[in-house]
Amino acid sequence: MHLAPVLHTERLLLRGHQEQDLDDCAALWSHPEVTRYTTGTPLARQDVWTRLLRHSGHWALFGFGYWLAFDRASGRFAGEVGIARFKRDLLFDLPTLDLVPEAGWVFLPWCHGQGMASEAVRAVLEWRDRSLGPGSTFCIIQPENAPSLRLAQKVGFQLDQVASHAGRDWQILMRHSSLASSSIAQFTSPD
């Protein structure tokens, strides 16, 4: 069984989800600024619990998944970041993306504008490139979510196509991995 490795960046510690993280994750997914461009509405605690279990399942089945991000200096919870295969309804007519890892990130407002999300996403993508080898990764972002679109472009994603689902448009951005990237994170096995 695969467990999420611990990633250390200059300011962040990224580690896998644990049972005791439910309160932090529930606070994250109940925040309107977090859910505005993701789920659209705050999530119930039981739905957050299901997400937490789903992230552990990704590691067990695929050897990749999501991490929780914590500020190294204070230990304060910052958000979630990772890669996954979500089998989204939005992608039903796009079978070429079925086996491609999807990157995603959500961070609490207290750390917006400080570069923490881009630091975390860069570390995850570096881990992806080194652990999974050359290949593509995509992300899905609403066109109105300018901060996430800027972050995606900053870390190498480019617009690939636009998909519509449930009356909304979503931008699908693609990144092709490069093993020549500089190292910004240290990787360690989980305890």
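Two strands are taken to pair if DSSP finds at least two bridges between them. Strands (E, at least two residues) and helices (H or I, at least four) are DSSP runs, numbered from the N terminus.

The model is predicted: local features need pLDDT of at least 70 and side-chain atom pairs count only at pLDDT 80 or more, while totals for chains, interfaces and linings use all residues. Residues are numbered from 1 along each chain as its sequence is written, and side-chain values use heavy atoms, leaving out hydrogens and water.

Begin with the whole chain, coloured by secondary structure. It holds 5 helices and 9 strands, in the order β-β-α-α-α-β-β-β-α-β-α-β-β-β. The radius of gyration, taken over C-alpha atoms, is 16 Å, close to the 16 Å that the globule rule gives for 191 residues, so the chain is as compact as a globular protein of that length; the rule is 2.2 Å times the number of residues to the power 0.38. Along the principal axes, the C-alpha atoms fill a box of roughly 40 × 40 × 35 Å.

Next, select residues 6-8 and 12-15, which are strand 1 and strand 2. These strands run antiparallel and are joined by 2 bridges, and a hairpin links them through 3 residues. Within this pair, display His8, which stands opposite Leu13 of strand 2.

Which residue of strand 3 is the bridge partner of Leu12? Select Asp71 to see that partner.
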